[in-house]
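Let's go through this one together, question by question. Have the picture open while you read.

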Amino acid sequence: MAHLTLTGICKYYGAQPVLQDINLDVPTGEFVVFVGPSGCGKSTLLRMIAGLESITSGELLVDGQRMNEVHPARRGVAMVFQNYALYPHMTVRGNLSYGLKIAGMPAPKIAAKVDEAAEMLQLTPYLDRRPGQLSGGQRQRVAIGRALVRDPRLFLFDEPLSNLDAALRSATRVEIARLKKAMPATTMIYVTHDQIEAMTLADRIVVMNQGRIEQVGSPLDLYHRPANRFVASFIGSPAMNFVSPDDLTQEMPEAFEIGIRPEDLRLVSEDQAQLRGMVEHCERLGEVTIAHLRLSRGGALLAKLPGNPEINGGDEIFLTSEPDRLHCFDKDGLRIGDLG
Ligand SMILES: Nc1ncnc2c1ncn2[C@@H]1O[C@H](COP(=O)(O)OP(=O)(O)OP(=O)(O)O)[C@@H](O)[C@H]1O
Ligand SMILES: [Mg+2]
């Protein structure tokens with residue numbers, strides 16, 4: 001059980017504010033993902049929860065108990081880092097057992113815990129190998145296993161898959177999703193730069209920017225109803241387009257700016273066009289084509305079109321989207337209700 005509550009958390013390095021007024025409530029068993037640009041404070045916040053970094057002000061509670069001053073080893077927290085440091089001369093079994101041995105756990109109990117973790121992470125066939133004889137993904141699973149055997153009530157991950165190639169990353173991501181299901185009472189916080197990891201693993205995503213929380217919500221909530229321009233542009237890939245109402249050929253309600261996701265645009269005939277643009281470049285990925293367009297008033301626009309449409313550089317094309325897929329923002333970048 002671990003119900004995590006952050007209230008008014010601030011962090012300064014000297015006079016430099018790094019985190020400001022962080023408020024977040026994470027119920028037991030929730031999988032929360034932190035995303036945000038490099039340097040926005042994700043790792044710092046995670047390290048503060050783990051106790052590896054002091055809290056300048058505010059309060060960190062676990063199950064209602066103040067943790068600010070509690071030693072990292074007594075917080076019931078396990079953390080998995082991007083650079084997993086395994087002991088190279090020990091086998092997988094040795095790596096998984098080591099921490100428990102140091103903690104004085106009896107050998108039979110250690111063996112049972114290690115076997116259970118290996119089973120859960122599909123490492124059983126590799127227990128007698130050394131890290132040098134494993135793939136990157138298998139090594140990272142050993143690092144996760146080492147945290148797992150400690151029965152943490154709070155599991156923290158800081159970009160655990162970012163050193164892996166695309167195929168391993170997606171396989172290990174599925175492994176983590178499985179782990180989450182197998183441990184419904186363990187609260188997990190996961191930092192990533194990867195949109196797919198964030199969207200597929202998270203119960204809720206916390207979008208951070210410059211030391212503050214911009215929005216907290218379910219993945220599809222953030223995708224469909226971003227609270228502001230920052231979240232709108234950060235969630236989704238390729239990023240949302242922003243155009244002026246004057247770029248649209250149809251009458252639009254009051255808005256300073258309109259956001260349209262590249263995947264929400266489709267080709268239509270001129271009389272149905274909401275937008276018209278000149279094709280500058282096409283990226284043909286087989287399954288989809290990313291068209292880079294120039295609007296008549298000078299703005300740029302991306303359209304993600306299914307398949308391999310017959311459009312070429314220099315063509316003028318006509319696009320539209322469903323009215324309920326348009327996102328309106330005021331001049332401060334705040335969402336102003338839904339159209340349609
Ligand atoms: N020990 C430190 N002393 C001073 N400043 C620090 C220290 N550690 C981190 N910072 C600063 O705090 C800010 C937040 O860093 P942090 O590592 O939390 O960012 P992040 O969101 O994890 O970024 P990334 O996505 O690149 O990992 C950065 O501006 C960083 O330079
Ligand atoms: Mg970081």
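Q: At roughly what angle do the axes of α2 and helix α3 cross?
A: This is a predicted model, in which local features need pLDDT of at least 70, side-chain atom pairs count only at pLDDT 80 or more, and totals for chains, interfaces and linings use all residues. Residues are numbered from 1 along each chain as its sequence is written, chains are lettered from A and ligands numbered from 1 in the order in which they are written, and side-chain values use heavy atoms, with hydrogens and water left out. Helices are DSSP runs (H or I, at least four residues; strands are E, at least two), numbered from the N terminus, and axes are lines fitted to C-alpha atoms, for helices over the stretch in contact, with angles from 0 to 180 degrees between N-to-C directions. The axes of α2 and helix α3 (residues 107-120) come within 10 Å, and they cross at roughly 135°.

Q: Are α2 and α3 parallel or oblique to each other, and why?
A: Angles under 35 degrees count as roughly parallel, over 145 as roughly antiparallel, 65 to 115 as roughly perpendicular, and the rest as oblique. The α2 and α3 axes cross at roughly 135°, so α2 and α3 are oblique.

Q: Is the crossing of α4 and α5 left-handed or right-handed?
A: Helix α4 (residues 136-148) and helix α5 (residues 166-182) pack at about 25°, their axes 9 Å apart, so they're roughly parallel. A crossing is left-handed if the near helix is turned anticlockwise from the far one by less than a right angle, and right-handed if clockwise. For α4 and α5, that makes the crossing right-handed.

Q: How far apart are the axes of helix α2 and α4?
A: Helix α2 (residues 92-102) passes α4 in a right-handed crossing. Their packing angle is about 30°, so α2 and α4 are roughly parallel. The distance between their axes is 8 Å.

Q: Which helix gives the largest share of the shell around ligand 1?
A: A residue is near a molecule if one of its heavy atoms lies within 4 Å of it. Residues around ligand 1 include Tyr 13, Lys 42, Glu 159 and His 193. The largest share, 3 residues, comes from helix α1.

Q: How far is a polar side-chain atom of Lys 42 from an oxygen atom of ligand 1?
A: Think of a polar contact as a pair of N or O atoms within 3.5 Å (within protein, one must be able to donate a hydrogen and the other to accept it, and residues adjacent in sequence count only if both atoms are side-chain atoms). A polar backbone atom of Cys 40 is 3.2 Å from a ligand 1 oxygen. For the Lys 42 side chain, it's 2.7 Å.

Q: Where is Glu 159 found?
A: Glu 159 has phi near 45°, a positive value in a residue other than glycine. Its place is the loop between β7 (154-158) and α5.
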